[in-house]
Amino acid sequence: MIKMNKKMINLINKTNHAGSQLPKELEDLIDQGFVEEDGCFFIFSQFEKMTNASKSNFQDKTGYECFINSIHIDDFVKKDYIINSLLFVNSIFCKLPADKNKIKAIVVADDAGALVKIHSIREGEFWIDDNLDEYADAVFTAEFIDIFEISKIIESRSRI
């Protein structure tokens with residue numbers, strides 16, 4: 001189920017992104033594929049980065065995945081953070097292996113940029129609270145099963 005807080009709804013409603021396409025640099029991150037290790041799912045381009053963090057540094061696997069699968073969209077684009085975040089999430093969902101359909105994406109945005117986090121859906125583990133309106137920033141969450149709804153949001157904002 002797609003969930004958004006009021007701040008995210010307002011940001012999406014204020015945008016016109018006719019003809020927007022995911023920038024090549026972001027597409028390249030996804031095109032490197034995915035990897036699974038120790039029961040965790042990673043975007044390979046993020047997993048291969050040098051870090052001294054390990055699963056034991058986190059309360060659970062979801063926290064570890066969100067740490068590794070954390071992409072600052074504003075590192076790749078100078079504007080249109082929201083649409084690029086949605087395009088990025090949509091592209092990830094489109095390219096997931098068929099057996100990896102229990103994946104959740106989280107987008108957190110403010111005026112300075114947007115952050116996308118990806119994690120597997122696990123019983124009893126979560127990275128973000130269900131009450132999104134309690135967050136100061138704009139927040140959007142979606143699961144793999146929402147792929148067609150994400151596409152509808154992108155398309156509807158292109159017809160303004």
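The protein carries 19 positive and 27 negative side chains, and the centres of the two sets lie 4 Å apart. Lys and Arg count as positive, Asp and Glu as negative, with His and chain ends left out; each charge is placed at NZ of Lys, CZ of Arg, CG of Asp or CD of Glu. This is a predicted model: local features need pLDDT of at least 70, side-chain atom pairs count only at pLDDT 80 or more, and totals for chains, interfaces and linings use all residues. Residues are numbered from 1 along each chain as its sequence is written, and side-chain values use heavy atoms, without hydrogens and water.

**Fold**
- The protein has six helices and seven strands (DSSP runs numbered from the N terminus: helices are H or I, at least four residues; strands are E, at least two).
- Along the sequence the order is β-α-α-β-β-α-α-β-α-β-β-β-α.

**Extent**
- The C-alpha atoms fill a box of roughly 45 × 35 × 30 Å along the principal axes.

**Burial and core**
- Of the 160 residues, 48% are buried (under 20% relative accessible area, 1.4 Å probe, protein chains only).
- The largest nonpolar core has 35 residues (buried Ala, Val, Leu, Ile, Met, Phe, Trp, Tyr and Cys joined through side-chain atoms within 4.5 Å).
- Those with the most contacts inside this core are Met8, Ile73, Phe88, Ile92, Phe93 and Phe140 (contact means heavy atoms within 4.5 Å).
- Helix 5 gives the largest share of this core, nine residues.
- Another core lies apart from it, with five residues, including Ile106 and Leu132.

How values were computed. Buried means under 20% relative accessible area, exposed over 50%, partly exposed in between (1.4 Å probe, protein chains only).
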